[in-house]
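Dear colleague,

Here is the structure I promised to pass on to you. Could you read the notes below with the model open beside them?

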Amino acid sequence: MTAIRLLLVDDDPLVRAGLSLMLGGADDIEIVGEAADGGEVEALVDRTRPDVVLMDIRMPTVDGLTATESLRHREDAPQVVVLTTFHADEQVLRALRAGAAGFVLKDTPPAEIVAAVRRVAAGDPVLSPAVTRQLMAHAATSGGDTRNARARARLAGLGDREREVAVAVGRGLANAEIAAELYMSVATVKAHVSRILARLGLNNRVQIALLVHDAGLLEETDTP
């Protein structure tokens with residue numbers, strides 16, 4: 001079994017030490033490097049080729065948001081999981097919009113952080129439906145008509161079936177749940193999700209969910 005290559009980025013050496021001890025003990029995770037600031041990340045990624053970067057959102061020189069945006073513009077971009085102390089923080093939302101695969105709280109139990117790294121490495125976002133809804137509610141306070149119109153324009157290019165799948169993703173449903181609800185196979189759902197990501201130039205399901213929310217489509221599905 002090939003180990004998941006993990007890069008740790010946090011300005012607090014005690015936090016890094018704790019994460020290294022916690023994650024390095026997993027048989028399928030290899031800590032390939034550590035950084036104390038976002039400005040060190042790109043060079044370290046070039047040198048260590050991680051699969052996943054666990055990224056602190058707040059650092060003194062180059063923050064985790066800026067570092068995430070830079071990484072996600074790379075063709076060989078690793079997955080990024082944001083480390084934060086807040087559930088619904090504007091910087092977390094910006095990181096997710098930039099392409100982070102999710103976030104974990106710094107007080108998350110060790111086993112759950114290990115599980116989050118494994119999930120992201122396998123291509124799954126680290127956001128539960130409950131947390132997704134909380135983030136969406138927070139996003140609603142900072143959106144406005146311009147964001148709504150822009151999101152609707154981007155989604156207008158999707159076919160009817162793709163749009164249905166996108167809305168289901170926005171509701172936090174897993175592929176199997178979407179397949180059952182829309183009467184299609186899981187493989188077909190995965191194919192639709194891949195096409196949606198490609199057509200809209202998005203990185204992951206979290207960005208689909210945010211875009212669907214911005215367009216107001218979730219409210220429409222709740223209307224009797």
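Predicted model: local features only at pLDDT ≥ 70, side-chain atom pairs only at ≥ 80, totals over all residues.

Residues are numbered from 1 along each chain as its sequence is written, and side-chain values use heavy atoms, with hydrogens and water left out.

Of the 6 residues in β1, 5 are buried, where buried means under 20% relative accessible area, exposed over 50% and partly exposed in between, with a 1.4 Å probe and protein chains only. β1 pairs in the parallel sense with β2 (residues 29-35) over 6 bridges, two strands being paired if DSSP finds at least two bridges between them, and Leu-8 has Glu-34 of β2 as its bridge partner. β1 also runs parallel to β3, to which 4 bridges join it, and here Leu-7 is partnered by Val-53.

Asp-56 lies in strand β3 and is buried, its relative accessible area being 3%. The Asp-56 side chain makes a polar contact with the side chain of Lys-106 at 3.3 Å (a pair of N or O atoms within 3.5 Å; within protein, one must be able to donate a hydrogen and the other to accept it, and residues adjacent in sequence count only if both atoms are side-chain atoms). That side chain of Asp-56 also reaches the backbone nitrogen of Arg-58, at 3.5 Å.

Turning to helix α3 (residues 64-72), its buried residues are Gly-64, Leu-65, Ala-67, Thr-68, Leu-71 and Arg-72. Seen down the axis of α3, these buried residues fall within an arc of 165°, so they line one face of the helix; the arc is that of the directions from the helix axis to the C-beta atoms. They pack against α2 (41-48), β3 (52-56), β4 (79-84) and α4 (90-98), contact meaning heavy atoms within 4.5 Å. At the start of α3, a side-chain oxygen of Asp-63 comes to within 3.2 Å of the backbone nitrogen of Leu-65.

Lastly, Ala-215 sits in the loop between α11 (205-214) and α12 (217-222), and at 1% relative accessibility Ala-215 counts as buried. Leaving aside neighbours within four places in sequence, Ala-215 is in contact with Asn-148, Ala-151, Arg-152 and Leu-155.

With best wishes

Technical notes. Helix = DSSP H or I, 4+ residues; strand = E, 2+ residues; numbered from the N terminus.
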